[in-house]
There are 6 protein chains.
Amino acid sequence: MFSITVRDHVMIAHSFRGEVFGPAQRLHGATYVVDASFRRADLDADGIVVDIGLATQELGAVLADLNYRNLDDEPAFAGVNTSTEFLAKVIADRLAEKVHAGALGTGARDLAGITVALHESHVAWATYERTL
Amino acid sequence: MFSITVRDHVMIAHSFRGEVFGPAQRLHGATYVVDASFRRADLDADGIVVDIGLATQELGAVLADLNYRNLDDEPAFAGVNTSTEFLAKVIADRLAEKVHAGALGTGARDLAGITVALHESHVAWATYERTL
Amino acid sequence: MFSITVRDHVMIAHSFRGEVFGPAQRLHGATYVVDASFRRADLDADGIVVDIGLATQELGAVLADLNYRNLDDEPAFAGVNTSTEFLAKVIADRLAEKVHAGALGTGARDLAGITVALHESHVAWATYERTL
Amino acid sequence: MFSITVRDHVMIAHSFRGEVFGPAQRLHGATYVVDASFRRADLDADGIVVDIGLATQELGAVLADLNYRNLDDEPAFAGVNTSTEFLAKVIADRLAEKVHAGALGTGARDLAGITVALHESHVAWATYERTL
Amino acid sequence: MFSITVRDHVMIAHSFRGEVFGPAQRLHGATYVVDASFRRADLDADGIVVDIGLATQELGAVLADLNYRNLDDEPAFAGVNTSTEFLAKVIADRLAEKVHAGALGTGARDLAGITVALHESHVAWATYERTL
Amino acid sequence: MFSITVRDHVMIAHSFRGEVFGPAQRLHGATYVVDASFRRADLDADGIVVDIGLATQELGAVLADLNYRNLDDEPAFAGVNTSTEFLAKVIADRLAEKVHAGALGTGARDLAGITVALHESHVAWATYERTL
């Protein structure tokens with residue numbers, strides 16, 4: 001199995017509901033360093049998993065819709081805790097839509113899956129892994 | 001599949017038995033930077049894998065029993081080489097006991113598995129992966 | 001010249017005023033990975049710059065006053081942009097007060113200076129350096 | 001499942017053929033920071049996956065055949081794009097040959113698989129994973 | 001003293017002349033992860049050293065003139081070894097020209113100096129520091 | 001001012017004397033990831049600060065005398081706390097002797113200074129800086 005991963009980041013504000021979150025129930029924020037991995041069994045005709053330039057561009061496009069925002073105000077996230085692991089799934093699912101729409105090239109339709117990791121600090125991160 | 005990972009470290013002394021270890025047969029030591037990952041198929045009612053604060057606290061508790069010690073003197077490790085990969089299993093198993101005992105919250109009983117990585121330097125690390 | 005550095009982090013929300021900030025004028029947030037360095041010409045009687053445990057504890061205390069907060073609501077920062085470089089100075093100055101108050105030990109009174117670095121992502125950071 | 005990973009690096013020149021590569025069709029180069037992981041179900045008689053010293057030595061031997069070279073001139077790679085993901089497979093396969101030849105010790109014959117990751121920058125990397 | 005640093009990277013081919021370089025006399029290549037730091041005594045009217053967005057953009061512009069090239073073919077580098085430390089100076093000097101030309105904003109004219117670090121691998125890097 | 005830095009590591013056991021060290025008074029150990037920086041005002045005739053290969057070799061030689069040892073048993077350190085900052089000075093001073101003895105090449109005699117950083121974990125490190 002082959003994979004390529006590209007990294008970018010996003011800076012957001014949000015708050016959590018639930019006693020388990022303690023002081024994180026207050027409005028605060030985070031930088032998420034985001035690693036998006038694309039995997040497939042065999043390389044395409046160009047000898048790659050997917051173009052790293054295209055992957056970087058489309059990850060950037062997905063993150064631009066989240067960046068410099070208060071996620072508490074985003075209708076898409078009404079009533080949910082935008083935890084690091086939840087956001088990993090949001091980004092993975094939006095990248096999957098990009099793949100299905102052909103934004104990562106026609107060869108990318110043979111991708112087997114996507115994993116997204118969000119690093120919220122130097123001591124904590126989360127991942128979400130899905131098939132395509 | 002979702003996961004969250006928390007990082008901490010531990011500083012120990014030990015020696016190895018066996019020619020394969022060369023100069024590491026002498027008493028020496030290591031800092032292990034420890035990454036403990038918890039994974040599950042779905043998020044809990046709070047939208048998380050397990051509380052990052054609780055996970056950090058319980059990893060810290062497991063490491064406190066090893067920290068600032070000469071592992072050659074620990075009865076629990078008599079007669080074994082406390083290699084990086086062996087210690088990854090020790091920590092993963094002790095975290096699994098914590099999960100089963102409810103120390104990571106009642107929701108954590110739905111965890112599917114644990115992976116522990118121990119970084120012994122910038123150029124070498126080991127992992128142990130298990131189910132729950 | 002000797003130095004020791006300890007690392008911790010803080011997660012905050014804020015917004016900026018000024019066209020130069022573009023979309024960062026919206027309420028957003030950041031994780032700052034914070035490195036606090038203490039320097040002195042000679043080691044103390046224990047052979048150290050300052051106790052790493054105490055330095056970690058006092059950096060944690062300074063960051064606890066900022067953590068999980070919306071800095072736009074903090075009276076201490078009314079009317080200023082809480083940029084990464086500005087916050088580096090805030091943290092360095094508060095650590096300097098700790099040193100002068102003896103919180104880092106009596107030997108710490110011989111410290112020559114403090115440098116604080118705030119990493120806002122994997123591709124951007126800021127520092128502030130001062131004497132004591 | 002256990003694993004150990006060792007890290008080294010290699011510096012090469014090459015060019016790519018195909019419009020998808022844009023300016024990377026020109027002769028350029030890369031440092032690849034290479035992580036080679038070896039995994040197995042159980043530890044060997046010494047309590048390890050494979051000797052980290054031997055693993056480091058054999059990874060170094062594999063990389064020495066690539067290092068400080070223009071890959072466009074290597075007969076082994078004639079007519080293929082030496083993409084990061086392609087090179088991950090080359091290195092994994094050559095390490096597998098080393099394992100089969102006994103270069104990683106007789107215990108290493110119980111290894112279950114190898115994964116190789118090549119970091120081409122701080123924002124992009126590729127992996128190849130295989131069984132043994 | 002305040003500073004901000006932004007990070008980007010560049011991928012080039014080159015060779016060295018001189019016995020000291022051993023196998024690096026062959027045509028090979030490198031990824032340089034480039035950190036450009038800007039320092040000044042006081043913050044500007046916006047409370048910053050220089051806009052991180054502008055700094056990132058101008059560093060990218062400087063690197064675009066080097067990226068995906070064989071430096072042996074660049075007239076600007078005829079007859080010199082394009083060592084990591086030499087390239088750090090090239091990039092710092094070109095950024096200094098950008099500052100003097102106003103590309104980093106009018107406030108940037110109060111910058112005191114620039115430092116550029118080039119990481120050629122996980123185990124070697126070089127810096128060049130200059131005043132403005 | 002130019003500099004180059006090379007990285008290696010060393011794994012040792014030791015204990016500390018003094019109440020300030022708390023549990024670190026017990027025999028324990030550490031991996032130190034060691035960064036040795038060499039600086040000079042101008043490049044040499046080959047266009048470098050010092051040969052990175054030679055610098056790596058000589059740093060390795062200095063570390064080999066410390067590696068896989070219990071520093072409590074080393075006569076050279078009798079009666080002192082082998083703190084991270086103290087060891088940074090030991091390594092810097094031994095590298096300085098190497099420079100003066102010509103081990104880093106004749107051009108290295110123009111070096112202006114050496115800085116050594118020892119990372120004892122992902123959250124703590126120390127440096128020592130000296131002239132030559």
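Over all chains, the structure, which is a predicted model, holds 18 aromatic pairs. Such a pair is counted when rings of Phe, Tyr or Trp (its six-membered ring) have centres within 6.5 Å, and planes under 30 degrees apart are called stacked, those over 60 edge-to-face and the rest tilted. One example is tilted, because the rings of Y128(B) and F2(D) have their planes at 45 degrees, with centres 4.6 Å apart. This pair crosses between chains: Y128(B) belongs to strand β5 (residues 124-131) of chain B, and F2(D) to strand β1 (residues 2-14) of chain D. Strands here are DSSP runs of E with at least two residues, numbered from the N terminus.

Residues are numbered from 1 along each chain as its sequence is written, while chains are lettered from A and ligands numbered from 1 in the order in which they are written. Because the model is predicted, local features need pLDDT of at least 70 and side-chain atom pairs count only at pLDDT 80 or more, whereas totals for chains, interfaces and linings use all residues; side-chain values use heavy atoms, with hydrogens and water left out.

Charged side chains come next. The whole structure contains 42 salt bridges over all chains, each being a side-chain nitrogen of Lys or Arg within 4 Å of a carboxyl oxygen of Asp or Glu. In chain A, R39(A) and E129(A) form a salt bridge with an N to O distance of 3.8 Å. The two partners come from distant parts of the chain, 90 residues apart, with R39(A) in strand β2 (residues 28-40) and E129(A) in strand β5 (residues 124-131).

How are chains C and A related? The same surface serves both copies, as 100% of the contact residues of chain C recur in chain A.

In this interface, 23 residues of chain C are in contact with 23 residues of chain A, where contact means heavy atoms within 4.5 Å. About 1,900 Å² is buried between chain C and chain A, with 63% of it on carbon and sulfur atoms; buried area is the accessible area (1.4 Å probe) that two parts lose on being put together, summed over both. Between these two chains there are 0 salt bridges. On the side of chain C that touches chain A, the elements giving two or more residues are β1 (2-14), β2 (28-40), β3 (69-70) and β4 (113-121) of chain C. Of these, β1(C) gives the most, with 6 residues.

Chains E and D also meet. Here 23 residues of chain E contact 23 residues of chain D, and the area buried between them is about 1,900 Å², 63% of it from carbon and sulfur atoms.

Key:
Helix = DSSP H or I, 4+ residues; strand = E, 2+ residues; numbered from the N terminus.
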